[in-house]
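This briefing describes how the parts of one chain are arranged. Please keep the sequence and the model at hand while reading.

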Amino acid sequence: MTASEITTPQEKEEIAATARRLATATTKGELGDIVAREVNGYSLVDLQAVGGRLFSEMARLPEPYRSRVRPFFYEQIFGAHHQLLLKHRSGAFRQDAEPIRDWETFEKFCAMIPDGCFTWDEYAERTSFHYSPRHRLFYYLMAAFTMFVLDRPGHPVGMPFPGGFTVEDRNGTFYCLIRDREKEVFFSICNFCPARQSEENASVCDTTTTSQ
């Protein structure tokens, strides 16, 4: 049984409506404000489910890679969440009238979200907690804030990949070894990331998890 088979039409429409609200933003401040208002609807229990899913995914990674990458995954989700709320509460978004830099890519990202939230198979993964499409939406909300408000890579700078490569910041221009390697995965945030593909021609295994 897949996520789409256990989800009601109302739940699907609520996620689609959220994606439509995101797409109405034309400035970074508008987008940040919309994302913050959406995130404020998540309870502590919801955040615990998101954290539990993240822990479950990382547990499948081999050591020592798991220990090296763990803080970057938490920074990607919960570090972004903390920064979002700080900016919202300080009123920073009301003062930010800078246009979204790549609106065409942003529009495609918003259009992907409804289907992206229903691609995983919750029951096949045998998690011990309920993780719904709405919880996956939280992941996309954090990606929207990071990539289109902050103009930073979806995966944090310094995040390691097998082979010794990392997401890099080269004088304000970001590079990632897997930037162009996820094109066949339509719901991957890599397809919308502002980072550029690294020049290194290395063989890289897929280290992303189902929520990445």
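Predicted model: local features only at pLDDT ≥ 70, side-chain atom pairs only at ≥ 80, totals over all residues.

**Overall arrangement**

- The chain holds six helices and five strands, where helices (H or I, at least four residues) and strands (E, at least two) are DSSP runs numbered from the N terminus.
- Read from the N terminus on, the elements follow the order α-α-α-α-α-α-β-β-β-β-β.
- Of the contacts (heavy atoms within 4.5 Å) between residues at least 6 apart in sequence, 68% join residues at least 24 apart.

**Helix α6 and its packing partners**

- Two packed helices are described by the angle between their axes and the distance between the axes; here the axes are lines fitted to C-alpha atoms, for helices over the stretch in contact, and angles run from 0 to 180 degrees between N-to-C directions.
- Helix α1 (residues 9-23) packs with helix α6 (residues 133-149) at an angle of about 15 degrees, the axes being 11 Å apart. That makes α1 roughly parallel to α6, a term for angles under 35 degrees, with over 145 counted as roughly antiparallel, 65 to 115 as roughly perpendicular and the rest as oblique.
- The crossing of α1 and α6 is right-handed, which applies if the near helix is turned clockwise from the far one by less than a right angle, and left-handed applies if anticlockwise.
- In this pair, I15, T18 and L22 of α1 meet P133, R134, L137 and L141 of α6. By class, the contact of α1 with α6 has five nonpolar, one polar and one charged residues, where Ala, Val, Leu, Ile, Met, Phe, Trp, Tyr, Cys and Pro count as nonpolar, Asp, Glu, Lys and Arg as charged, and the others, Gly among them, as polar.
- Helix α4 (residues 65-90) and α6 have axes that come within 9 Å and cross at roughly 65 degrees, and the crossing is left-handed.
- On the α4 side the contact is made by Q76, I77, A80, H81, Q83, L84 and K87, and on the α6 side by F138, Y139, M142, F145 and T146. By class, the contact of α4 with α6 has seven nonpolar, four polar and one charged residues.

**Loop residues on either side of α6**

- S132 lies in the loop between α5 (103-116) and α6 and is buried, with a relative accessible area of 9%. The C-alpha atoms of S132 and V50 are separated by 9.4 Å, although these residues are 82 residues apart along the chain.
- P153 lies in the loop between α6 and β1 (160-161) and is buried, with a relative accessible area of 5%.
- Leaving aside neighbours within four places in sequence, P153 is in contact with T146, M147, V167, F174, C193, P194 and A195.

**The sheet**

- An open sheet of three strands has the order β3-β4-β5, with mixed pairing, and two strands pair if DSSP finds at least two bridges between them.
- Strands β3 (168-170) and β5 (196-197) stand at the edges, each with a single partner strand, so one side of each is left without a neighbour in the sheet.
- Strand β4 (residues 173-176) runs parallel to β5 and is joined to β5 by two bridges; C176 has Q197 as its bridge partner in β5.

Technical notes
Residues numbered from 1 in each chain as written. Heavy atoms only, no water. Buried < 20%, exposed > 50% of the residue type's maximum accessible area, 1.4 Å probe, protein only.
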